[in-house]
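Subject: Structure handover

Hello,

Here is the structure for you to look over. My notes on cavities, pockets and salt bridges follow below it.

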Amino acid sequence: MNMWHICGFELRRILKIRTVLLNLFILPLILIFILGTALSGTIGSGEDTVIKPVRVGIIQSTEATEASVVDEALQAFLTSPAVSDMLKVRDLATEEDAVSALRQGELDFAVILPNDLQEQLVAGKGAELQWILGKDNTLNMVGQTVFTRFTDELNRQVAIAKVLGPEVVAAMASVPNTDLTEEPTYITTSSPGKAGNSYSASQYYAASMLAMFMLYSGMTTINSLFSEKDKKTLIRLQAAPVGNGIIFAGKIAGNSLLAFMQAIIIIVMTYWLYGVNWGSHPWLIILICVLITIASMTIGIIVALVSKNATSASGMMQAIIIAMTFISGGFTPIAVDLVHRISEFTVNHWALQSFLRMMLDSPVSEIMHNIVMLGVVCAVLLLIAGVIYRKVGYRYE
């Protein structure tokens, strides 16, 4: 009897358990379908999002009899092609009119120009605009971003005035081709990876659920290791002319093959059933799945060797998997900086980022960075598992 005999027996034994087949092969596909369908509006559809033009109300003083430099600059800014495609501008007399229009849904965003904005610029003071926010946070962000570009240019001229004197501002205003009267691209949008690509909710949850359920293969490892002890069949195995290390390695190898089979089935079925695009680097996908399998087995080994019984080990493993999946954004993306930093110590984070980078056709260097970090996490887990195994071992007590 050698390691591969034990590996084959272990694999056949697990595949006969219907609940294992249901939890490892069918349940992930069901969850990917449910999450991908229900949360498609939260993650996206895999296509670039087009934001509708923002309806902006501008409140400015009507006391001036002739147009000021600021008015001319603002008009040039608003009529530039890049900005005019994003904004639908409406002039308003008072702040009350703007608030009323926002409440009635006639406007999305409003800007108040101070009456003394021209004087502030000439005096070398910074230009500031006041916002009145609407109901849609996304449209508010677009409006703020666009008009912040306008004030940034005004404040640049203010900085010049502070150094060279207010006369320079007036001289620059007389020059027809200033930065404000040109037609620059004020807003640039891009997606990571290949231009025009983004991942859909189905792709996101296919990647996150694949990582999570491959880790659940470590649960079968725990159950297998404790099953031999509880049924006292480990005594028979140890009585055979084979070392404890061979027995242990055979059981780990069997569960590892199960995890890899699980990965292949999930990837192929999500591609056929849900149209999930896993990218154009199949060998890198295989490498990531191998690393997740190593992480799954090592976590299972650590938990099994430090626990007293199967119940406590299964509960601990369950808690670890759920916690890592949550903080890595596996259930829903989390934008909290602290949580994001903590997630960088988890298997799920680097596995998920590796899959997403491939789905976005990112450069291989970006993909390899995440894979290398996943490998570092696996190496640490292997080291910890090796130290614990040397101290505890796998034997009947």
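How much space lies in the largest cavity? About 40 Å³.

Some ground rules before the rest. This is a predicted model, in which local features need pLDDT of at least 70 and side-chain atom pairs count only at pLDDT 80 or more, while totals for chains, interfaces and linings use all residues. Residues are numbered from 1 along each chain as its sequence is written, and side-chain values use heavy atoms, with hydrogens and water left out.

**Cavity**

A cavity here is a set of points, on a 1 Å grid over the protein atoms alone, where a 1.4 Å probe fits but cannot get out; lining residues have an atom within 4 Å of a point. Points are joined across faces, edges and corners, and the volume is the space filled by probe spheres set on them.

The lining of the largest cavity consists of Leu225, Phe226, Lys229, Ala304, Leu305 and Tyr394. Two elements give two or more residues to this lining: helix H11 (217–230) and helix H14 (282–306). Helices (H or I, at least four residues) and strands (E, at least two) are DSSP runs, numbered from the N terminus. H11 has the largest share, 3 residues. By class, the lining has 5 nonpolar, no polar and 1 charged residues. The classes are: Ala, Val, Leu, Ile, Met, Phe, Trp, Tyr, Cys and Pro nonpolar; Asp, Glu, Lys and Arg charged; the others, Gly among them, polar.

**Second largest pocket**

A pocket is an open set of grid points with protein on both sides within 12 Å along at least five of seven lines. The second largest pocket holds about 370 Å³ of space. It is lined by 18 residues, and Val20, Asn23, Met219, Thr220 and Asn223 are the closest to its centre. H1, helix H2 (18–38), helix H10 (201–215) and H11 each supply at least two lining residues. H2 gives the most, with 6 residues. The classes split into 10 nonpolar, 7 polar and 1 charged.

**Salt bridges**

The structure holds 5 salt bridges. Each is a side-chain nitrogen of Lys or Arg within 4 Å of a carboxyl oxygen of Asp or Glu. Burial is given as relative accessible area: buried is under 20%, exposed over 50%, partly exposed in between (1.4 Å probe, protein chains only).

- Glu10 pairs with Arg13, with the closest N and O atoms 2.7 Å apart. Both lie in helix H1 (residues 3–15), 3 residues apart, about one turn of the helix. Glu10 is buried at 1%, whereas Arg13 is partly exposed at 26%.
- Arg55 pairs with Asp108, with the closest N and O atoms 2.9 Å apart. Arg55 is in strand E1 (residues 54–59) and Asp108 in the loop between helix H6 (95–103) and strand E3 (109–112), so the pair ties together parts 53 residues apart in sequence. Arg55 is partly exposed at 29%; Asp108 is buried at 8%.
- Glu228 pairs with Lys251, with the closest N and O atoms 3.0 Å apart. This pair links distant parts of the chain, with Glu228 in helix H11 and Lys251 in helix H13 (residues 244–274), 23 residues apart. Glu228 is buried at 10%, and Lys251 is buried at 2%.

Salt bridges that share partners join Glu10, Arg13, Glu228 and Lys251 into one network.

Best wishes
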